[in-house]
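User: I would like to go through this model term by term. Please set each value against its cut-off.

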Amino acid sequence: MALQFISSGDGRAAIGSDTATGERGFLVKIVNRTGESSVKGKVVSASTTADNEAILQTNEYDAFGVIQQAGVAQGSEMWVWVTGSICQVLFESGVTPTRGYVAICSDVDGRADQFSNPGNGLPAVDIHFKEIGHILQTGSAGGLALVTLHFN
């Protein structure tokens, strides 16, 4: 099944659900300035040069969303999952997303990495502020896996 939307009046915000992928949550439209056609699951940050535009996260500390749809041209509006959503996130090559782990921004632009939940206490401050959510699904190395999103 394709993503189903309940959209706002202006069509720039929506609640979405996809029974095939298990994705569900809150989406916003934002201009693609990632330097490429959009890639599903890549992690994005706010542009520092223009309003209402998203770039690939590059510094690991300022992510705000995950691209919902592939193939949207540079300069066009694309749907982005935001905080509170459960969506597919793209992990860096060689990283196998593991349910129960914590998802963080990778040093590979636009990709996610993971670390084992420490169980007690907080992780190091550096890791804590890279956090983008919690992994709900074990996936394949460098692939997509469901993550419940929140950004520190």
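**Values against definitions**

Analyst: Start with E92. Beyond its neighbours within four places in sequence, E92 is in contact (heavy atoms within 4.5 Å) with S106, D107, V108, R111, A112, D113 and G142. The model is predicted: local features need pLDDT of at least 70, side-chain atom pairs count only at pLDDT 80 or more, and totals for chains, interfaces and linings use all residues. Residues are numbered from 1 along each chain as its sequence is written, and side-chain values use heavy atoms, with hydrogens and water left out.

User: Where is E92 found, and what is the nearest side chain of opposite charge?

Analyst: E92 is found in the loop between β8 (86–90) and β9 (102–105). Helices (H or I, at least four residues) and strands (E, at least two) are DSSP runs, numbered from the N terminus. The nearest side chain of opposite charge is R111, 8.3 Å away. Lys and Arg count as positive, Asp and Glu as negative; His and the chain ends are not counted. A salt bridge needs a side-chain nitrogen of Lys or Arg within 4 Å of a carboxyl oxygen of Asp or Glu. E92 is buried yet has no salt bridge.

User: What makes K40 and E23 a salt bridge?

Analyst: Their closest N and O atoms are 2.9 Å apart. The cut-off is 4 Å, so the pair qualifies. K40 sits in the loop between β3 (23–32) and β4 (43–46), E23 in strand β3; they are 17 residues apart.

User: Why is E23 called buried?

Analyst: Its relative accessible area is 2%. Buried means under 20%, exposed over 50%, partly exposed in between (1.4 Å probe, protein chains only). E23 is therefore buried.

User: Which parts does the salt bridge of R33 and E53 tie together, and why is R33 called partly exposed?

Analyst: The N to O distance of R33 and E53 is 3.2 Å. R33 lies in the loop between β3 and β4 and E53 in strand β5 (residues 53–56), so the bridge joins parts 20 residues apart in sequence. R33 has 34% relative accessibility, so it falls in the middle class. E53, at 13%, is buried.

User: How do you know that K130 and E60 form a salt bridge, and are they buried or exposed?

Analyst: The closest N and O atoms of K130 and E60 are 2.9 Å apart. That meets the 4 Å limit, so the pair counts. K130 is in the loop between α1 (125–128) and β11 (131–135), E60 in the loop between β5 and β6 (63–67), 70 residues apart. K130 is buried at 13%. E60 is buried at 16%. The structure holds 5 salt bridges, these pairs among them.

User: What is the phi of E60, and of N52?

Analyst: Phi of E60 is near 75°, positive in a residue other than glycine. N52 also has a positive phi, near 55°. Most residues other than glycine have a negative phi. N52 is found in the loop between β4 and β5 and is partly exposed at 36%.

User: How do you know that the radius of gyration of the protein chain agrees with a compact globule?

Analyst: The radius is taken over C-alpha atoms; the globule rule is 2.2 Å times the number of residues to the power 0.38. For 152 residues a compact globule would be near 15 Å, and the protein chain has 15 Å, so the two agree. The C-alpha trace spans about 45 × 35 × 25 Å along its principal axes. Buried residues make up 43% of the chain.
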